Amino acid sequence: MKPVRFLARVMLSGIFVVSGARHFQHPQRLVPTAKPITDRVAPLIQRAAPQLPTDTETLIRANAAVQLAAGLMFATGRFTRPAALLLAGTLVPTTAAGHPFWSNDDPATRTNNQIHFLKNLGLFGGLLLAAADTEGKPGLRWRAGHRIGHSRRSVRRAVRTARREARIALRSAATARKLPG
């Protein structure tokens, strides 16, 4: 891994590791701000997986655990692309719950939340770029297409060789019939 990529991943994942650990240990302080979002998401979770808990504190802890684990994977270079997608996914509820600038009446609070919302939007974009990063290696789509093209060329080559050898065999057989024997 190149040093720039390594440093960028460590820097990008730092906020997720630190806030994930902090929110996992102390989710209570986020309950009031997260409750409007979790109240909307809880029925969806209940329909999709009724065995999962839907209380606000548990959902905050789950989001924090994902941020911590995915942040560590991303920082260490393990499963970086899936980790980046997981981190991007955790940003959606975090941003919606934590920085609803559209519902603030106080101009100072509105501006502060808008700045943090845009910061998270920038983090989201960086994570999407990281999720698409193949580290200079060809992507799966290119590799699959390349393999298919290589296979087609191999088959064409084999067919040409078989035809050539069949023509040679026919000539040899015709020459052998003409020889006195």
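# An all-helix predicted model

Visitor: Which residues form the positive surface patch?
Guide: In this predicted model, a positive surface patch is made up of arginines. Its members are Arg152, Arg153, Arg156, Arg157, Arg160, Arg163, Arg164, Arg167 and Arg171.

Visitor: Where is Arg163 placed, and is Arg163 buried or exposed?
Guide: Arg163 sits in helix 6, which covers residues 140-178. Exposed means over 50% relative accessible area. Arg163 has a relative accessible area of 54%, so the residue is exposed.

Visitor: How many helices and strands does the protein have, and in what order do the elements run?
Guide: The protein has zero strands and six helices. Read from the N terminus, the order of elements is α-α-α-α-α-α.

Visitor: Is the protein a compact globule or more spread out?
Guide: For 181 residues the globule rule gives 16 Å. The radius of gyration of the protein is 29 Å, well over that value. The C-alpha trace spans about 110 × 45 × 30 Å along its principal axes. Because of its radius of gyration, the protein is described as more spread out than a compact globule.

Visitor: What share of the residues is buried?
Guide: A residue counts as buried under 20% relative accessible area. Of the 181 residues in the protein, the buried ones make up 25%.

Visitor: Where is Phe79, and what is its phi?
Guide: Phe79 lies in the loop between helix 3 (56-76) and helix 4 (80-98). With a relative accessible area of 62%, Phe79 is exposed. Phe79 is not a glycine, yet its phi is positive, at about 50°.

Visitor: How many salt bridges does a search of the whole structure find?
Guide: Side chains of opposite charge can pair when their charged atoms come close. A search of the whole structure finds such pairs, counted as salt bridges, and their number is four.

Visitor: How many residues apart in sequence are the parts tied together by Arg5 and Asp133?
Guide: The side chains of Arg5 and Asp133 meet in a salt bridge with an N to O distance of 2.7 Å. Arg5 belongs to helix 1 (residues 3-25), whereas Asp133 is in the loop between helix 5 (107-132) and helix 6. The pair therefore ties together parts whose separation in sequence is 128 residues.

Visitor: With which residue does Arg9 form a salt bridge?
Guide: Arg9 is buried, with a relative accessible area of 5%. In its salt bridge the closest N and O atoms are 3.8 Å apart. Arg9 lies in helix 1 and its partner in the loop between helix 5 and helix 6, so the pair ties together parts 124 residues apart in sequence. The partner is Asp133.

Visitor: What separates Glu57 and Arg61 in helix 3?
Guide: The side chains of Glu57 and Arg61 meet in a salt bridge of 3.8 Å, N to O. Glu57 is partly exposed at a relative accessible area of 29%, and Arg61 is partly exposed at 30%. Because the two are four residues apart in helix 3, their separation is about one helical turn.

Visitor: Which residues do salt bridges with shared partners join into one network?
Guide: Asp133 forms a salt bridge with Arg5 and another with Arg9. The network consists of Arg5, Arg9 and Asp133.

Conventions
Residues numbered from 1 in each chain as written. Predicted model: local features only at pLDDT ≥ 70, side-chain atom pairs only at ≥ 80, totals over all residues. Heavy atoms only, no water. Patch = residues over 30% accessible without salt bridge, like charges linked within 9 Å, V, L, I, M, F, W, Y side chains within 5 Å. Areas by Shrake-Rupley, 256 points an atom, 1.4 Å probe, with all protein chains shown as cover. Lys, Arg positive; Asp, Glu negative; His and termini not counted. Charge placed at Lys NZ, Arg CZ, Asp CG, Glu CD. Buried < 20%, exposed > 50% of the residue type's maximum accessible area, 1.4 Å probe, protein only. Rg over C-alpha atoms; globule rule 2.2 N^0.38 Å.
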